[in-house]
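Visitor: Hi, I'm new to this one and would like a walk through it. Can we start with how you decide what counts as covered up?

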Amino acid sequence: MEVKPNETKQISPFFVFFLMPGMQIGVGILGFERIIAKEAGQDAWISVLISGLIINVLLWMCFKLLGRGPQTLDLVAIHKDLFGKWVGNAFNILFILYFIMISIILIRTYLEVIQVWMFPGVNVLMLITIILILVYRFVEGGFRVITGFCIIGLIIGSPLFLLNYFPLKYAHFENLGPLLDHSFLEIMKACKKMTLNYLGFELILIYYPFIKNREKSQKWAHLGALFTMVIYVVSILVSLAYYHQDQLKDVIWATLTLWKIVDLPFIERFEYIGISVWLFMVLPNVCLGVWAASRTAKRVFGFRQKKMMVLILIIILVSCIFLDNRYRIDKFNTISSQIGFYIVYLYLPLLFIWQSIVYKVRGHKS
Amino acid sequence: MKIKLLLITLASFLMTACGVEKQILEDILIAEVVGYDDAGDKKIKGTVVVSVPQPGEEADLGKEVYEADSHDIKAARQQENAKTPYPIVGGRLTVTLYGEELASKGLNDYVDTYRRDPMVGRDLYLAVVHGKAEDVVKMEPKLIKTPGVQVKELIEQNIRTNLPDVDLHRYLYACHGNGIDPVLPLLETTGNQIRVRGIALFKKDRYIGKYIPYEEGFLYKVLSENFKLGSYEIKWKENDFTDINNVESRVHYHISNANQDPKVRIEVKMKASLLEVQGYDLGKAVDLNKIEVRAERVIGKKLNEMVTMFQENHIDPLALGDHAKSKTRNFDQKHWEETYPDIPIEVDLDIEMIQTGIAE
């Protein structure tokens, strides 16, 4: 199986900057504050900062993994190279499931927001079907179309970050003191909880072959990941100043609730617009997730990507039907967060070390 | 391929609607002010003013009052619906009033729905009514000719000078946070008017029955936040008053040794101007220094009394506990709460007269 996408399907390295936050900023940002502040209180922002930096180290590892061998341009090739066909494919299937899982979380959590905030009686099944049809159309268009959509999504969504200005009137910045009053362990626990929100950078392992002048893309990837980090840090700082710590513990969607305070002369309830616009941030995420899953599936099973995609979309649809209340969604989120944590923090470094060892041994032989 | 595309497009058009409930402006009643009173037997009485849209190009919004008894707030809403031609919706609710009796039993149960309901905005004002909340609510529709909400504007206007800045978010902030207690405006009816009586003091969600009178609301504001308006009348002796106008006031809290032997110093810096002076000699210019010193003494004494009153009642509306926490490592909440009534709190007031108006 050759990994050589046609040049007409490739993107410039610069666009990796958009693909990073495009996949990392999803539904998590609407309510990650509560979970992290529970662990680390006013020091939560430090955890966000630390885990953002760790993510950059892991990203660097990803690029190392990709750059070493002559043929190891994506995850499937790396697995095959290191573990052989059968074991390698087993790992590949795990990753396919993982990407599907991420897509399910994104869609279901976003729909939960719509259900709770806007239309309690909405027909979830139909809404999911519509979104999945949209996803189908985008992914069908190929990787370039998805990249373009990521950029548009980020541009449309970015004015929402300006909303952080409004709560400043209510801000108690002394809430951030005393600095570092939590133990190292607590801060690290919060870092762990933060993982789910940073997930998505590992997709570089899949779309790397689609980048033209790949070597130049690493700089942009890191910048993109740092950009994500800055946005998360600003969000948590504003939330910590706006809410009392004890109050934050039972605000499920802190960022969304924060938008409630936005009061413009022509619109009283800004969060409705916010939620609607947010679709443009969530949809590229789902597209990328589905694309990555179907692309890996294609490389593993050798079927056409479109067929795999239809199958994947059906799996997502069925799973969403089963996730029908807050309790289950929350549970699913927690489990996925755990799985994501182990994949990113444990599996990737292990893979990196294993690859180093294997290449050293091979180097000795030849 | 084209047929497939057409089918997909058609399908997405057909699937719109999606079971979303429509709310057409003419077919709903918009709740504006709602009041709750204790109705005995663990029941509450809800009274609501709704605006009734009327047909016609320049028609005013009509207003109507409905009441109902029930155990909780949303059930009261349901009961009210039994009397209304259209459903009442709470999306534009601007003020929620609580009767004194209900407030003294604790508001948590009756604020929860506003915290939980995504329909409700965060700039909703909460207030306590001296007496029955329904009196104020019922007075509301009679009072004003144009559509608009009297109580809301009343509170908003007074927040600039005599009431602390309170809305739903700040109430929740203070109510949920440790080391801080909320305050709410206290309203009353006099004759056919609604009036701000003062600032109702709370211990967590419970109204303690004490309040700061309206005139002294200014002093509370001086202690609790930085602000720019308001005036205060200083009484020297019988028939001898001076009115000073606050140009800018800043407050800082210095808390030391919070975990062992706490000491608090509240530093207030006020830039003021003279508004009105009585009983001085026309021939001489006003002695500003003298007024400054005397004002500092009189107001300072009042501020100290206020702080002592908070301590005696074991409430902390100034959020001293919260300030202490943010300045102390490993803050001992329990120790603070135990020692709070006996902490020496010193109010350090510095008034600077920066102008005397346009007369010397």
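Predicted model: local features only at pLDDT ≥ 70, side-chain atom pairs only at ≥ 80, totals over all residues.

Visitor: What's the phi of Leu180(A)?

Guide: It's positive, about 55 degrees, although Leu180(A) is not a glycine. Asn213(A) is not a glycine either, and its phi is positive at about 45 degrees.

Visitor: Where is Asn213(A)?

Guide: In the loop between α8 (204-207) and α9 of chain A. Asn213(A) has 42% relative accessibility, so it counts as partly exposed.

Visitor: And Thr255(A), is that one buried or exposed?

Guide: Buried, because its relative accessibility is 9%. Thr255(A) belongs to helix α11 (residues 254-259) of chain A.

Visitor: What does Thr255(A) touch, leaving aside neighbours within four places in sequence?

Guide: With those set aside, Thr255(A) is in contact with Ile29(A), Leu30(A), Gly31(A) and Glu33(A).

Visitor: And how far is Thr255(A) from Lys192(A)?

Guide: From C-alpha to C-alpha they are 20 Å apart in space, and in sequence they are 63 residues apart.

Visitor: Switching to confidence. What's the mean pLDDT of chain A?

Guide: It's 89, and 98% of the residues in chain A reach 70 or more. Confidence in chain A is highest in helix α9 (residues 217-242), with a mean of 93, and lowest in helix α14 (residues 326-365), with a mean of 88.

Visitor: Now helix packing. What do you use to describe a pair?

Guide: Two packed helices are described by the angle between their axes and the distance between the axes.

Visitor: Then how do α6(A) and α12(A) cross?

Guide: The axes of helix α6 (residues 143-157) and helix α12 (residues 270-301) of chain A come within 8 Å and cross at roughly 155 degrees. These two helices are therefore roughly antiparallel to each other, and their crossing is left-handed.

Visitor: Which residues meet there?

Guide: On the α6(A) side they include Phe143(A), Ile146(A), Phe149(A) and Cys150(A), and on the α12(A) side they include Val277(A), Phe280(A), Met281(A) and Trp291(A). By class, the contact of α6(A) with α12(A) has 14 nonpolar residues, 2 polar ones and no charged ones.

Visitor: How about α2(A) and α7(A), what's their angle?

Guide: Helix α2 (residues 32-40) of chain A packs with α7(A) at about 165 degrees, and the axes are 8 Å apart. That makes α2(A) roughly antiparallel to α7(A). Their crossing is right-handed.

Visitor: And who meets whom?

Guide: Phe32(A), Ile35(A), Ile36(A), Glu39(A) and Ala40(A) come from α2(A), and their partners in α7(A) include Glu186(A), Ile187(A), Lys189(A) and Lys193(A). The residues of the α2(A) and α7(A) contact divide into 7 nonpolar, 1 polar and 4 charged.

Visitor: Let's move to chain B. How many helices and strands?

Guide: Chain B has 11 helices and 13 strands. Of its 360 residues, 48% are buried. Among the contacts in chain B with a separation of 6 or more, 66% are between residues 24 or more positions apart.

Visitor: Is α7(B) mostly covered or mostly open?

Guide: Mostly covered, with 7 of its 9 residues buried. Among them are Leu168(B), His169(B), Tyr171(B) and Leu172(B).

Visitor: What do the buried residues of α7(B) pack against?

Guide: Elements from both chains: α9 and α10 (245-248) of chain A, together with α4, β6 (125-129), β7 (183-190) and α10 (320-327) of chain B.

Visitor: And the crossing of α4(B) with α7(B), what is the angle?

Guide: Helix α4 (residues 108-116) and helix α7 (residues 168-176) of chain B cross at roughly 125 degrees, and their axes come within 11 Å. That makes α4(B) oblique to α7(B). The crossing is left-handed.

Visitor: Which residues make that contact?

Guide: Asn108(B), Val111(B), Tyr114(B) and Arg115(B) in α4(B) meet residues of α7(B) including Leu168(B), Tyr171(B) and His176(B). The classes in the contact of α4(B) with α7(B) are 6 nonpolar, 2 polar and 1 charged.

Notes:
Residues numbered from 1 in each chain as written. Chains lettered and ligands numbered in written order. Heavy atoms only, no water. Axes fitted to C-alpha atoms, helices over the stretch in contact; angles between N-to-C directions. Helix = DSSP H or I, 4+ residues; strand = E, 2+ residues; numbered from the N terminus. Parallel < 35°, antiparallel > 145°, perpendicular 65-115°, else oblique. Left-handed = near helix turned anticlockwise from the far one by under 90°. Contact = heavy atoms within 4.5 Å. Nonpolar A, V, L, I, M, F, W, Y, C, P; charged D, E, K, R; others polar. pLDDT = per-residue confidence, 0-100. Buried < 20%, exposed > 50% of the residue type's maximum accessible area, 1.4 Å probe, protein only.
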